[in-house]
Structures are given as structure tokens and as C-alpha cells.
Amino acid sequence: MSAKRPLVGMAYCDTAVRDNEMRMRTYCTRKYFGALQRCGADVILLPPTDESRVIGRYLDLVDGVLLPGGEDIDPRWMGEEPSSRLGGVNPLRDAYEIELTRGCRDRHVPVLGICRGLQVLVVALGGTLHQDISDITRLQHSQQAPRWATSHRVSFETDSHIREWAAGADAFTNSFHHQAAKQLPDVLKATGRTADGLIEAVESSDSGWLAVGVQWHPEETLSGDEFSRRLFTSFAAALPKR
Ligand code: MN
């Protein structure tokens, strides 16, 4: 008999978008849940809802939540007007994922946020984002290298989960974002930064709640990168199983 695996709920939304080649796709792809399945967790998809009762049932069921990558977050959630450089937004996903994230905080359900998922953590808990980072850095955060290749270096804070998972003070990651965390809420601390000072990793500052957000895409580098495997494996292993 094998050890019981944790059950992770991935926030899902089927809203279709067009990629660079104008193919229709959704952001909530197999790469995210496949990474967790390969690294020790079972996964279910949690479709969007505007009912807090349903979100409560989701959180009764799962041992942890994965917030995947996706569209820009509507700046009205942080009291701002849209910048001319704001990308596509998905109001349905915003409202759902923000409510889901607040539920995770209230009930101490562990969260792993990837790219947009980090940004959802920040905004849902009261922080703000740079709507577009092109004016504040000369470092390339929308890499032209393939998605499976790493490009920039991220330095990690001591006493952080992410540094333990990286087994070192820094690591190379890929980068596909034009927004970034600006002001963090009290419940989050910055645990990873690029050389330009931008926040690339955040964690809960409440030791009773495991919440980790990464601005890069470890699900894309899983095959060839030990750190990416350790990230998913460590998150899955840290989940208290019911
Ligand atoms: Mn980056």
C-alpha cells in the first residue's frame, strides 16, 4: 500500500485566449496540474464560482490550492485606473481567485501561486502590483529564450521555504511577465528578487499558513531543472493530508 498523496485543487477557468500564433488556448493547462501529479500530489480542477458556499466546499475537500498563471489582474482591485500598457484581463477569474485566496488565508489552506498566482496572492491580501514594469527595469523579464530555458538569476532570503527548496542562495529561473508585485500586504514577505530589485518570490509571514508565490514558471522547466522538481515536490510534501 502506497502512502496517501495530498489532494491539490487547481483554480481553473476555461476562458479562451489567443496565444502569439493566434491559436485559441486556456492558461490553465496540463503543465500545471501535470507538474504536481509528477511530484507527489493528486489534483482536481476547481471551476470558477461566485458563491462563497461553493468555495467553502472546495476548501473542505483539498489539502492545498494551486493558483496558475494567466491574464493581468484588473487594477480596480487595487483602486487604480488601467494603464495603457495593461494586458488582457479576465474579470470572472479575478473575482473567483481573489475570493478563493482569501478563503485559503482565513482557513490556513496552503497555497502555491505561479506567475499570475503570485500576483493574485498579493492583490487578494491587500497589496499592489506594477501594472507594467518596462519603465522600471532594464532586465529582460519577457524572455525570448524558449519557455523551458532559464534566463535570469533570483536571489533568495535566508529562512525562506523557497531558499530551502532551491537548496541554495540563488537560482536561475525563466521569466514571462510584464507585471510585478509593488507593495506587499503585511501577511506576505518578499523572499526572492532579481538583480534589479523586483520581487520574484513571496511567502506568508504567518508561520501557521504555508503560502508561496513565484513569479516565474517552474512547470515549464520541470524536465531539465532539479530546482523546479524540488519546488513542486517540497510543496506537495509540506501539505498536511486529511
Ligand atoms: Mn522575472
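**Figure 1. Pairing of strand β8 with strand β11 in the predicted model.** S155 of β8 has R193 as its bridge partner in β11, and this is part of a pairing in which 2 bridges join β8 to strand β11, residues 188-193, with the two strands running antiparallel.

**Figure 2. Pairing of strand β8 with strand β9.** Strand β9, which spans residues 170-173, is joined to β8 by 4 bridges, and these two strands also run antiparallel.

**Figure 3. The surroundings of P240.** P240 lies in the segment that follows helix α6, residues 226-238, and its relative accessible area of 54% is why P240 counts as exposed. When neighbours within four places in sequence are set aside, P240 is in contact with D63 and P110. The C-alpha atoms of P240 and V202, which are 38 residues apart along the chain, are separated by 21 Å.

**Figure 4. The chain as the setting for the close-up views.** The chain holds 6 helices and 13 strands, and its radius of gyration of 17 Å is close to the 18 Å that the globule rule gives for 242 residues, so the chain is as compact as a globular protein of that length. Of these 242 residues, 54% count as buried, and among the contacts with a separation of 6 or more, 69% come from residues 24 or more positions apart.

Notes: Residues numbered from 1 in each chain as written. Predicted model: local features only at pLDDT ≥ 70, side-chain atom pairs only at ≥ 80, totals over all residues. Heavy atoms only, no water. Buried < 20%, exposed > 50% of the residue type's maximum accessible area, 1.4 Å probe, protein only. Contact = heavy atoms within 4.5 Å. Pairing = 2+ DSSP bridges. Rg over C-alpha atoms; globule rule 2.2 N^0.38 Å.
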